[in-house]
Structure formats: C-alpha cells, structure tokens
Amino acid sequence: MYDDMLDLAGLGPVAGADEAGRGACAGPLVAAAVVLSSEPGHDIPGLNDSKALTHRQRDRLYPLILERAAAVCWYVVEAPDCDRMGIQAANLEALRQAVLGLDVTPGFVITDGFFVPGLPVPSLGMWKGDQVARCVSAASIVAKVTRDAIMDDLDLVYPGYEFSKHKGYVTAVHQRRLDELGPCPQHRLSYGNVARAAKVEPS
C-alpha cells in the first residue's frame, strides 16, 4: 500500500483523508482523516474503499478504526454552507479541517482525489486513494458511517423524504418525494434538481 511505502521512506506518520456526501443533494458533507497505528495488535484487517464494502462490513470496521487508529477526526459542512461556499470549496475545507483536527501531527497526508491546499505538511491528492492507501480507506469508512448516521437522524426530523434509505443522494424515490413536498432545510438549493423542485434559479 502507498502509505506503507511512505512510512518506510521515513515520511510518516501518514494521514489519509476522504469525504462522503459530495454528490448528495441533501444533508451535510462529511470529511474524515485517519492516522493508523503501527503498534502491535492495532492492525485493522479488511480495510477497503467504503463504497466496495457492505453496510455490515462498514459497521464492523468503524469501531475498530476508532479504537485502534492513532488518530481520527471528522468535520461536517452543513447543507446551507455547501450552497454558500460551493461544493468544491466545501469539500476542500472539510478535508483540510479534518486533517488539522487530528491529535497526531502527520508527516505526510494523502487525500482522495483532490490536492488540498493549506495543509502544514507535504501532501498528495491521489485518484482512487481509498483503494491504494489503507489510511484513506479508513477515512472513507469513518466519513461514510458518520454521515449515514446523520442522515438516519435527519430522517426522524424530516420523515417524508426517506433520508434513511437514500442518504440524501438523488434516487427515484428521493426525487419523487422532493417533487411532492418541495425542499426541506437540508436540501442544497445550488443543485439543479433541488432548485427545480423549489422553482428557483440554482444559487
């Protein structure tokens, strides 16, 4: 794995960072950063890109990451702030703040997909980073499970949209509910399908 190579080169500890919710039209964007531990007994078998894992596998790995990693941090950008900042700026800010919030200062950072400016240590934005670096895989799981739990809670507040089923992503069920009910405060008005349902111009 790429993070192992960086550790062997003396550039560790290596932090991985990834986000969940960028493509959703409702709910927050959540980024997470993880520094894995090299201590004996702290390995986490089965780490992989969260999208390649089942719900059950993610739920099994999530507490192991929190228990065994050297450091974990996540950062939430709420839906109105995603609209205000723009999704790319919100994504970069969330990744940056997740890394800066780690209790362990990394020697190197790998972010999934995008280079993140403003980090105090060397970093690399790596395409498919969650598939080639264990720390990024761990971050993707933390971001996904954390965001899914938020969406489950929002389903109780806004039950008509069935957030617990689609997690705010654009599905046929979600779009139908959105068209019937109009947007709620958790919808991103800067997204075209939400703006059409609200009958406003995208922000």
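## Strand β1 and its partners

Strands β1 (residues 14–20) and β2 (residues 29–35) run antiparallel and are joined by six bridges; two strands pair if DSSP finds at least two bridges between them. A17 has A33 as its bridge partner in β2. With strand β4 (residues 108–112), β1 pairs in the parallel sense over four bridges, and A15 stands opposite V109 there. Helices (H or I, at least four residues) and strands (E, at least two) are DSSP runs, numbered from the N terminus.

Seven of the seven residues of β1 are buried (under 20% relative accessible area; exposed is over 50%, partly exposed in between; 1.4 Å probe, protein chains only). V14, G16, D18 and A20 point one way from the strand, while A15, A17 and E19 point the other way.

## Basis of the values

The model is predicted: local features need pLDDT of at least 70, side-chain atom pairs count only at pLDDT 80 or more, and totals for chains, interfaces and linings use all residues. Residues are numbered from 1 along each chain as its sequence is written, and side-chain values use heavy atoms, with hydrogens and water left out.

## Salt bridges

The count is seven salt bridges, each a side-chain nitrogen of Lys or Arg within 4 Å of a carboxyl oxygen of Asp or Glu. In one of them, the closest N and O atoms of E93 and R96 are 2.8 Å apart. These two residues are three apart in helix α4 (residues 87–100), so about one helical turn separates them. R96 is buried at 17% relative accessibility.

E162 forms a salt bridge with R177 (2.7 Å, N to O). This pair links distant parts of the chain, 15 residues apart: R177 lies in helix α8 (residues 172–181) and E162 in the loop between α6 (134–157) and α7 (163–166). Salt bridges that share partners join E162, K165, R177 and E180 into one network.
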